[in-house]
Amino acid sequence: LDMNFGGILGAAQDADGLPEDADPLQRAVDGFLGAGAAAALFRKSGAAPGVTVTAASFDELRRVLGGVGPGGSVRLRAGARVLLAQAEDWRDLSGAPAKRLRPPEAGHPWHWHFMPNSISVAIAIGEGDVHQMENVHFVLDIMREEWPDADVHLWLLHHKGSKDVEAKTLGEHGRAHLWNKGVRVHSEGGGWLTPWAHMVRAHALIWTAKAGARAVAELNPNCVLHVSDGSKAEQPPHRWLDVPPDFKERQASVAEEVKRCLARAPAKVMPPRATSLCRLPVCALNETRKPWIFVAEHGDGAGHRLRNILDGMAVANRNGLNFGGVVPLAPKPSVGSIVTEHGHNFHVLVDGFFGTGAAAELFARPTPSFTRKYDSVRQLEKEVNDLPDGSLIFLPSSTEWWYDRKVPKRAYYSDALCSAIRKPWADRPLAFAPGRPSVAIHIRRGDLKRTDGRILSNEYYYTIIGHVRRHLPDVDVHIWSS
């Protein structure tokens, strides 16, 4: 309407003009619109400005100002005050404010979860929306086909004090499905600012009716997928895509609509860098004019994938080369390339292992034009002295690097390389008791069947711990299982 916003009136207010019991609301408003916003927005009851026009709804105000309906048009003088009881019926407009009203980026009080340089997807599920999860899974499957490398986070939005929200909302099948799709689940317990910030800035937002915060969802200018419960009261704005409860009856057409919605988002898979060479300290091991080795991303569990990366660095270190990065897996129709066979987002693990932003450096996009390709470390090392400076070498698998047992392992995994790899872990908090010897044991009890030959008995570990305790009686032992 080409007007200004004067503030908020009408709530039971304290002496400062804020609603009674306003602490949670004040924190939310200040966090969303900036420090001091609540004090500026809420007006004291006794200091209400003179009102020129009063309207019960946006539609009524628009009709009055436009001369539609009883009473004809009203001409407002400069500085006039309009009291609007509620404005939620504005949604027949284009939604233009979404591009202007964005939470401030600096000094925000929320924790940021999205990975840098990645496509981001936020899913907001309301407490009790378990009947909507099948539709959410449907949308998520389509999204993974279009954006296999997307960083996906799901928020369970509920009231503080609610118990077992994840179990009630997702159910056993829902948790397993999200786990296999590499989705990270957050349960905020009444803390709204973090999910709100992600809902607004995500490349795509999947939102259910009971998730609340509809006004926040409307600020997302990209692709908003509203998983509907069929209620007419919750009809979405025209720029959103409504996924109806009966989507199965027209599944193919809904899938195409979802794809068109995703195409509207200004998202590109891992924007290409000026150079395809990894710039991490663990990559640039020698002079930059030296050749650069690239390895392939394995398609199984996180441990094997990570091992190939580390072994590639060790081979480069041994031969006076640099580590260029990892050639990512080609996207798969049902499971994104970043999702391991255990359901983990491998890019998140890489960032945790090598430091924030490491995945963007390590995974080569676009794939370089390689000078040479070698099928084994042995073959590479036979010709390493003949490699031209600056050449890009593709060594898909580096895990058989110790083929010559006469060469010490330290020739590959030198103290300097191991120190560089360990550096991001130096300041991590540990569970070990201070001042005592520590032992960490990894067992596999969550991902292998009992009949698997790789399973070792509990007695095996008890025996090892017994031997250690004879030498170190006060040792602090911790066991982790995959």
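Q: What makes the link of Cys223 and Cys261 right-handed or left-handed?
A: This is a predicted model. The angle about the S-S bond is 120°, and the link of Cys223 and Cys261 is right-handed.

Q: How do you know that Cys223 and Cys261 form a disulfide?
A: Their sulfur atoms are 2.0 Å apart. The cut-off is within 2.5 Å, so the pair counts as a disulfide.

Q: What does the pair Cys223 and Cys261 tie together?
A: Cys223 sits in strand β7 (residues 223-227) and Cys261 in helix α8 (residues 251-264). The pair therefore ties together parts that are 38 residues apart in sequence.

Q: Why is Cys223 called buried?
A: Its relative accessible area is 0%. Buried means under 20%, so Cys223 qualifies. Cys261 has 1% and is buried too.

Q: What makes Cys278 and Cys283 a disulfide?
A: The distance from S to S is 2.2 Å. That is within 2.5 Å, so the two cysteines count as joined.

Q: Why is the disulfide of Cys278 and Cys283 given its handedness?
A: The torsion about its S-S bond is about 65°, so this disulfide is right-handed.

Q: Cys278 and Cys283: are they buried or exposed?
A: Cys278 has 1% relative accessibility and counts as buried. Cys283 has 0% and is buried.

Q: How many disulfides does the structure hold, and what is the pairing?
A: The structure holds two disulfides. With the bonded cysteines of the protein chain numbered in sequence order, the pairing is 1-2, 3-4.

Q: Why is Cys418 called buried?
A: Its relative accessible area is 15%. The limit is under 20%, so Cys418 is buried.

Q: How do you know that β9 and β10 pair?
A: Strand β9 (residues 292-296) and β10 share five bridges, in the parallel sense. Pairing needs at least two bridges, so these strands pair.

Q: What makes β11 and β12 a pair?
A: Two bridges join β11 to strand β12 (residues 392-394), and the strands run parallel. The requirement is at least two, so they pair. Lys373 stands opposite Phe394 in β12.

Q: Which strands are the edge strands of the open sheet?
A: Four strands form that sheet in the order β10-β9-β12-β11, with parallel pairing. The edge strands are β10 and β11, because each pairs on one side only.

Q: What makes strand β10 mostly covered?
A: Strand β10 covers residues 322-327, and six of its six residues are buried.

Notes. Residues are numbered from 1 along each chain as its sequence is written. This is a predicted model: local features need pLDDT of at least 70, side-chain atom pairs count only at pLDDT 80 or more; totals for chains, interfaces and linings use all residues. Side-chain values use heavy atoms; hydrogens and water are left out. Buried means under 20% relative accessible area, exposed over 50%, partly exposed in between (1.4 Å probe, protein chains only).
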